[in-house]
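Let's take a friendly walk through a protein model together.

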Amino acid sequence: MSDPPDTGATAGEDAHRDQIITPLWRLYELTAKLRQECPWDRKQTQESIVAYTLEETYELIDTVRERVERGAEGDAAVQGELGDLLFQVYFIACVAEEQGLYHLGQVAAGIHEKLVRRHPHIFGEASADTAEDVKRTWDVIKKESEGREGIFH
């Protein structure tokens, strides 16, 4: 992995970036290794892994709700469930990369672009004073640029 370009970050910011990037890269490498060497992982397809992704999503939801009810937000159990879900994202992207469809970097770049587009009050000329203003703008942008609404509408 090549070094990221110099961003003018402080030493503390560089250290924090490394604390994030290094484990993410290691997970990327581990996912590829599992995919190559584990018979079960090698057999999976994007379609077959989706059921596990949904299961991990529900486990995360249950854990967050349970922790919030007990007043213990952000604990190790939530962190573990987030890790399980993150692995699902890496795994699906790994399968896609093998098929020449896209890779994890493209997934990250795509969500980065989408988040910038959906936050014109931060990255553009729009304004939003309340959370409701942000949600309203988000929904309009989603419908206009993607031609769809969320599943919960």
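We begin with a pair of helices and then turn to salt bridges.

This is a predicted model, in which local features need pLDDT of at least 70 and side-chain atom pairs count only at pLDDT 80 or more, while totals for chains, interfaces and linings use all residues. Residues are numbered from 1 along each chain as its sequence is written, and side-chain values use heavy atoms, with hydrogens and water left out.

Find helix H3 (residues 46-69) and helix H4 (residues 76-98), whose axes come within 9 Å and cross at roughly 160 degrees. Helices here are DSSP runs of H or I with at least four residues, and axes are lines fitted to C-alpha atoms over the stretch in contact, with angles running from 0 to 180 degrees between N-to-C directions. H3 and H4 are therefore roughly antiparallel, a term for angles over 145 degrees.

Now for the salt bridges: how many does the structure hold? There are nine salt bridges, each a side-chain nitrogen of Lys or Arg within 4 Å of a carboxyl oxygen of Asp or Glu. One of them joins Arg 67 to Asp 75, with the closest N and O atoms 2.6 Å apart. Arg 67 is buried at 13% relative accessibility, whereas Asp 75 is partly exposed at 24%. Buried means under 20% relative accessible area, exposed over 50%, and partly exposed in between (1.4 Å probe, protein chains only).

Glu 66 also pairs with Arg 70, at 2.9 Å between the closest N and O atoms. Here Glu 66 is partly exposed at 35% and Arg 70 is exposed at 59%.

Note on methods:
Helices (H or I, at least four residues) and strands (E, at least two) are DSSP runs, numbered from the N terminus. Angles under 35 degrees count as roughly parallel, over 145 as roughly antiparallel, 65 to 115 as roughly perpendicular and the rest as oblique.
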